[in-house]
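Here is a short briefing on one structure. Keep the sequence and the 3D view open as you read.

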Amino acid sequence: ASPAAADSAAGTPAARPPAGLVQITGVHKSYGEHEVLHGITLTVQPGQVVALLGPSGSGKSTLLRAINHLETIDRGEITIDGEFIGYEQRGDRLIELPEKRVLERRTRVGMVFQNFNLFPHLTALENIAEAPIALKRAGKAQATARARELLARVGLADRGGHYPRQLSGGQQQRVAIARALALDPDVLLFDEPTSALDPELVGEVLQVIRDLARGGTTLIIVTHEIGFAAEVADHVVFLDGGRIVEQGPPERVLRDPEHARTQEFLDWVI
Ligand code: ADP
Ligand code: MG
């Protein structure tokens with residue numbers, strides 16, 4: 001585990017440590033007067049599975065959304081495979097990119113939300129094929145064929161023609177995961193993917209995430225499922241009040257946390 005270089009500004013290029021696939025360095029974010037991220041530094045390597053834990057309001061969703069550039073940040077840097085999503089470096093200046101370029105670059109990062117967020121008027125197959133077609137990555141036939149493959153991969157080969165309202169929450173979330181995979185992202189972000197599900201539907205969604213983890217997909221997962229985090233994560237990060245309080249291998253952070261805040265949180269969720 002790398003020590004959290006809290007509050008350190010991003011270094012000059014020469015002083016910069018080797019970047020991870022996802023490299024978060026000295027990130028600060030405020031809403032008005034309220035600073036919700038206080039200098040977050042985190043490195044995620046290719047194929048790594050990172051579980052992001054912490055109490056409600058600790059900044060987990062804000063951090064995920066910042067990785068995706070769905071939120072801007074006030075200070076620090078976030079890069080995916082060395083590239084900013086919303087900016088381009090010109091000399092020593094960062095130039096904001098136009099919306100179209102941002103959308104293009106954002107496809108490097110797939111995101112799965114708590115409430116599935118499927119398009120209600122599109123079938124499961126259409127939901128998955130929509131972005132590749134809209135972004136002209138594939139023709140309709142090719143995108144649909146790939147969508148069928150992805151549906152099979154999440155165990156829903158026979159549900160392609162169903163609309164979201166005809167699917168259970170667990171099935172909708174599995175379609176959402178297939179949709180997030182359709183643009184071959186470098187990393188997938190999950191924001192409490194099972195929190196909105198009835199308990200009997202949690203397992204089928206965790207199984208799909210487990211398969212992705214074992215298959216080598218790079219994942220950052222916000223979850224309160226501690227047992228699941230212990231099982232699939234290579235690295236656990238505990239966030240509290242917008243700061244990384246501790247991070248390390250799951251067997252240490254989850255079984256033998258160094259900080260009282262982490263222990264309190266674990267006592268509360270388990
Ligand atoms: P978590 O996902 O860990 O529950 P969030 O990232 O959602 O935490 O929120 C962190 C803090 O930022 C909370 O205090 C929340 O109220 C605040 N916050 C989140 N989004 C906004 C927003 N769009 N405007 C103002 N405050 C926000
Ligand atoms: Mg949240």
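How do the residues of the shell around ligand 1 divide into nonpolar, polar and charged? Two are nonpolar, seven are polar and one is charged. The model is predicted.

**Ligand 1**
- The shell around ligand 1 includes Tyr31 and Val36.
- Gly54, Ser56, Gly57, Ser58 and Gly59 are also among the residues around ligand 1.
- Lys60, Ser61 and Thr62 complete the list.
- Helix α1 spans residues 60-67 and gives the most to this shell, with three residues.

**Helix α4**
- Helix α4 runs over residues 140-153, which makes 14 residues.
- From first C-alpha to last, α4 reaches 20 Å. That is close to the 20 Å expected at 1.5 Å a residue.
- Its buried residues are Ala143, Ala147, Leu150 and Leu151.
- Seen down the axis of α4, these buried residues fall within an arc of 100°, so they line one face of the helix.

- Most residues other than glycine have a negative phi.
- His69 is not a glycine, yet has a positive phi of about 60°.
- His69 sits in the loop between α1 and β4 (75-80).
- Is His69 buried or exposed? His69 counts as buried, because it has 20 C-beta neighbours inside 10 Å and the cut-off for buried is 20 or more.
- Asp81 is not a glycine either, and has a positive phi of about 50°.
- Asp81 is found in the loop between β4 and β5 (87-90).
- Asp81 has 13 C-beta neighbours inside 10 Å, so it counts as partly exposed.

**From the record**
- An unreviewed UniProt entry lists residues 22-266 as "domain: ABC transporter".
- In the model, the end C-alpha atoms of residues 22-266 lie 26 Å apart.
- The span is 36% helix and 27% strand.

Terms used:
Residues numbered from 1 in each chain as written. Chains lettered and ligands numbered in written order. Predicted model: local features only at pLDDT ≥ 70, side-chain atom pairs only at ≥ 80, totals over all residues. Helix = DSSP H or I, 4+ residues; strand = E, 2+ residues; numbered from the N terminus. Expected span 1.5 Å × (residues − 1). Buried ≥ 20, exposed ≤ 12 C-beta atoms within 10 Å, placed from the backbone. Arc of directions from axis to C-beta. Near = placed C-beta within 6 Å. Nonpolar A, V, L, I, M, F, W, Y, C, P; charged D, E, K, R; others polar. UniProt positions renumbered as here; feature names shortened; annotations may be inferred.
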